[in-house]
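Here are my notes on this model, point by point. Have a look at the sequence and structure first, then read on.

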There are 2 protein chains.
Amino acid sequence: MEIKTYLNEQRLVVESGLERYMLTAAGEHSTFAGHIEAMRYSLFAGGKRIRPILCLAAAQAIGNRPAPDTELLPIACALECIHTYSLIHDDLPAMDNDALRRGKPTNHTLYGEAGAILAGDGLLTWAFDLLSDSKESTLPPEKRLAIIHLIARAAGSLGMVGGQELDIANENKPFPFETLRAIHRSKTGALITASILAGAIAAGADQAQQEALTRYGEQIGLAFQIVDDLLNVTATTEQLGKAAGSDAGRGKATYPAFFGIEATREKARAAVAEAVSALVVFDEKADHLRALAEYIYNRSH
Amino acid sequence: MEIKTYLNEQRLVVESGLERYMLTAAGEHSTFAGHIEAMRYSLFAGGKRIRPILCLAAAQAIGNRPAPDTELLPIACALECIHTYSLIHDDLPAMDNDALRRGKPTNHTLYGEAGAILAGDGLLTWAFDLLSDSKESTLPPEKRLAIIHLIARAAGSLGMVGGQELDIANENKPFPFETLRAIHRSKTGALITASILAGAIAAGADQAQQEALTRYGEQIGLAFQIVDDLLNVTATTEQLGKAAGSDAGRGKATYPAFFGIEATREKARAAVAEAVSALVVFDEKADHLRALAEYIYNRSH
């Protein structure tokens, strides 16, 4: 299947899940209508749904295909809630101060800073509500706990939140390449890897499979961030749907700043090749994971 | 036992748990030292630890005393992490813009707005990390999942986060008493009730016991918030450790604004009496819960 068709189809699956699980402002929750509307605005603002799709594709690679509706979909949707919250908080005036995201006004532009902070807090908490909701999942409790723990660890202070703090703390400062790697690994890589592992664990992956998928996840996480750095330099604001050139403007160290554009592109290529080679233990059921790795690279040019 | 002795003793139990579970900046996590330090600053800034103590006291009331270290303590500490995150975010310039909390500078005053937002995000996520950490708990997985779900629901958009949004959205506006009740119930009451129920469920409470404790929790949550409103009017900044009179300054509707000080005190008294009467089904093992209800009222004068 053409990767774009696959991505489109899976995006619709994820979005139907988000519609199903996410709070609605009408009816019994109308007291909180303003807050729910703010969360929904960013959740349905047109993301590519890469993390939930990686979760679904990893489960498919394992092959003991779990029932997507009742086993995988709550996990996939919780991952997207966490990703969305992180974008809302990253865009805040106190952080990256971005006015545009996916070509639309950022959350705080519409709902104010307090509203945006709380929309983020609400989405993060909702992710754990959904992951622990026994009405929505038929996975065994031990497995669900393991997945909650994996996701919390990746999203938190030793992962995404810690990486964002490192990123902010190092703005406008010279720092060694090793710090850039630590930022990418924690800020972007951790949740991407956790998305893949969560799907795999739900589908019954054994230890060797989990290790192979961890290597795959680390490399596509790296490729993903390198490509983001590249696009920030080479694409236009219109193409990105957010401010182009903003990294340089904020004095952020990036791959292109360290290596130049051509060598950076080569590093993305190498990461994708390594990701694909980590999948050698899997059969053709991992073809969507392989195609996703190529897709991430192809965004760069 | 004198309530103050009990509170002091239990506070030390909770704080030893927080020391045990919370990340430290040294060693392997030194990459994230700045962020971890910001979280620890607020977590160890001298809270009364009321929510975790209610959790422990509710388990004691049920009587099948669970092993506190391996069953209750992670839950109690996770509740305190969530409470602390909510204070950090509430104090932000975009929210209540408070410079003092518990007599010390607020988190953002020391670590900047971005640092404080991320310290809050980190503490919230750490709570779910701890609740799902199978190395730290011997409770059966189904019970732990039920407790995670209970806490996420109470802390999130239909509870504490939603209540904070309502509170902010209604500043400097006239609104009906019913809205004030909704703010108190969601912003303060939900997490207090969940703290009590989480301890009770961990200890094996049956349905009737859970219902009685829900009534108890709702009433002490109400009393707690009424007393907070009262103290904001009647106490000095020095007594409070935070800005006195700030509610009126921000145009917040409060119990004293609706009813005056005397009638408000009477309402707190009535809520405490109702809380205690909900405990009629319990024997003397619930005496600490009874004393805690009285303690909450006695803060008011």
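1. Let's start with an aromatic cluster in chain A: A:Phe177, A:Tyr255, A:Phe258 and A:Phe259 form one such group. Rings of Phe, Tyr and Trp (its six-membered ring) are paired here if their centres lie within 6.5 Å, and planes under 30 degrees apart count as stacked, over 60 as edge-to-face and the rest as tilted. Before going further, keep in mind that this is a predicted model, in which local features need pLDDT of at least 70, side-chain atom pairs count only at pLDDT 80 or more, and totals for chains, interfaces and linings use all residues. Residues are numbered from 1 along each chain as its sequence is written, chains are lettered from A and ligands numbered from 1 in the order in which they are written, and side-chain values use heavy atoms, with hydrogens and water left out.

2. Helices (H or I, at least four residues) and strands (E, at least two) are DSSP runs, numbered from the N terminus. As background, an α-helix has 3.6 residues a turn, so residues three or four places apart point the same way.

3. How exposed are these two? A:Tyr255 is buried at 3% relative accessibility, while A:Phe259 is partly exposed, with a relative accessible area of 31%. The cut-offs are under 20% relative accessible area for buried, over 50% for exposed and in between for partly exposed (1.4 Å probe, protein chains only). A:Phe259 also has a charge over its face: A:Lys267 lies there, 4.4 Å from the ring centre. To count, NZ of Lys or CZ of Arg must be within 6 Å of the ring centre and within 35 degrees of the ring normal. Elsewhere in the chain, A:Arg299 lies over the face of A:Phe224, at 5.0 Å from the ring centre.

4. How many aromatic pairs are there over all chains? The count comes to 13. In one of them, the rings of A:Phe128 and B:Phe128 have centres 4.5 Å apart and planes at 5 degrees, so the pair is stacked. A:Phe128 belongs to helix H5 (residues 107–131) of chain A and B:Phe128 to helix H5 (residues 107–131) of chain B, so this pair joins two chains. Both A:Phe128 and B:Phe128 are buried. For A:Tyr255 and A:Phe259, the ring centres are 5.7 Å apart and the planes at 40 degrees, so that pair is tilted.

5. Helix H3 (residues 50–62) of chain A has 13 residues and reaches 18 Å from its first C-alpha to its last, close to the 18 Å expected at 1.5 Å a residue. That expected span is 1.5 Å times one less than the number of residues. Twelve of the 13 residues of H3(A) are buried, so the helix is largely enclosed by the rest of the structure. The cover over these buried residues includes helix H1 (3–21), H4, helix H8 (177–202), helix H9 (207–234) and helix H14 (287–298) of chain A. Just after H3(A), A:Gly63 takes a positive phi of about 100 degrees.

6. Two backbone angles deserve a look. A:Asn97 has a positive phi of about 50 degrees although it is not a glycine, and is found in the loop between helix H4 (68–91) and strand E1 (100–101) of chain A. A:Arg102, also not a glycine, has a positive phi of about 55 degrees; A:Arg102 is partly exposed, with a relative accessible area of 26%.

7. Last, B:Thr193 is found in helix H8 (residues 177–202) of chain B. B:Thr193 is buried, with a relative accessible area of 9%. Leaving aside neighbours within four places in sequence, B:Thr193 is in contact with B:Thr214, B:Gly217 and B:Glu218.

Definitions and conventions. Contact means heavy atoms within 4.5 Å.
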